[in-house]
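Please keep the model in view while working through the numbered points.

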Amino acid sequence: MRRVLFALTLMTLLFQAACSKERPSEEPAREPRSMVATEPEIDPVTGFKMTGDWELVRGNCTACHSARLITQQRGTSQQWLTMIRWMQKKQNLWQFDPGTESRIITYLSENYPPDAARRRAAIPPDLMPPNPYSTKTH
Ligand code: HEC
């Protein structure tokens with residue numbers, strides 16, 4: 001019993017010590033920082049977000065079609081690369097040196113990434129109605 005009491009007292013003391021620990025007064029006051037990064041300005045001519053390598057993208061990607069075709073598109077870097085490869089294969093898009101290509105893809109995937117708001121999440125299978133064409137018999 002005494003041991004239990006001792007343990008309890010010790011725990012209480014430790015707990016109090018932990019709670020009463022004050023912030024060191026030298027800690028600098030933090031600037032309130034917005035959680036939302038400020039959006040870059042939009043180029044009035046092309047509609048591109050004016051950030052990073054946007055001018056490189058403008059220079060390489062607007063010769064054949066409007067920039068709107070690009071700004072309305074979304075993708076991961078892999079998806080942007082796939083679009084570029086498709087244009088190179090089928091649409092006479094020229095080859096880029098690897099450095100240029102990677103800068104273009106970085107700009108695109110950072111500024112036009114897959115948009116969660118555009119697509120709903122897949123419906124969980126257990127919420128789906130029975131598939132009348134299913135050949136599976138449960
Ligand atoms: C040599 C010409 C040319 C250049 C340069 C070009 N594209 Fe394209 N791109 C095309 C053609 C042609 C299409 C098909 C247009 C259509 O379907 O109306 C296309 C379509 C697209 C689409 C729509 C794809 C889709 O699935 O709807 C996107 C996005 C795109 N290009 C992005 C780019 C990007 C990014 C660049 C720069 C790296 C670029 N394009 C440079 C020719 C080009």
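1. The largest nonpolar core has eleven residues: Phe48, Trp54, Val57, Cys61, Ile70, Trp80, Ile84, Ile104, Ile105, Tyr107 and Leu108. A nonpolar core is a set of buried Ala, Val, Leu, Ile, Met, Phe, Trp, Tyr and Cys residues joined through C-beta atoms within 7 Å. A residue is buried if 20 or more other C-beta atoms lie within 10 Å of its own, exposed if 12 or fewer, and partly exposed in between, with C-beta atoms placed from the backbone. At least two residues of this core come from each of helix 2, helix 4 and helix 5, and helix 5 gives the most, with four residues.

2. This is a predicted model, in which local features need pLDDT of at least 70 and side-chain atom pairs count only at pLDDT 80 or more, while totals for chains, interfaces and linings use all residues. Residues are numbered from 1 along each chain as its sequence is written.

3. The protein chain contains five helices and zero strands, in the order α-α-α-α-α along the sequence. Helices (H or I, at least four residues) and strands (E, at least two) are DSSP runs, numbered from the N terminus. Of the 138 residues in the protein chain, 9% are buried.

4. How do helix 2 and helix 5 pack? Their axes are 9 Å apart and form an angle of about 110 degrees, so helix 2 is roughly perpendicular to helix 5. Axes are lines fitted to C-alpha atoms, for helices over the stretch in contact, and angles run from 0 to 180 degrees between N-to-C directions. Angles under 35 degrees count as roughly parallel, over 145 as roughly antiparallel, 65 to 115 as roughly perpendicular and the rest as oblique.

5. On the helix 2 side of this pairing are Trp54, Leu56, Val57 and Asn60, which meet Thr100, Arg103, Ile104, Tyr107 and Leu108 in helix 5. Two residues are in contact if their C-beta atoms, placed from the backbone, lie within 7 Å. By class, this contact has six nonpolar, two polar and one charged residues. Ala, Val, Leu, Ile, Met, Phe, Trp, Tyr, Cys and Pro count as nonpolar, Asp, Glu, Lys and Arg as charged, and the others, Gly among them, as polar. Leaving aside neighbours within four places in sequence, valine 57 is in contact with Phe48, Ile104, Tyr107 and Leu108.

6. Arginine 103 lies in helix 5 and counts as partly exposed because it has 16 C-beta neighbours inside 10 Å. Apart from neighbours within four places in sequence, arginine 103 is in contact with Asp53 and Leu56.

7. The ligand is surrounded by 16 residues, of which the closest are Cys61, Cys64, Gln73, Gln91 and Leu93. A residue is near a molecule if its C-beta atom, placed from the backbone, lies within 6 Å of it. Helix 4 gives the most to this shell, with three residues. The shell divides into eleven nonpolar, five polar and no charged residues.

8. Asparagine 92 lies in the loop between helix 4 and helix 5. Is asparagine 92 buried or exposed? Asparagine 92 is exposed, because 8 other C-beta atoms lie within 10 Å. The phi of asparagine 92 is near 65 degrees, a positive value in a residue other than glycine.
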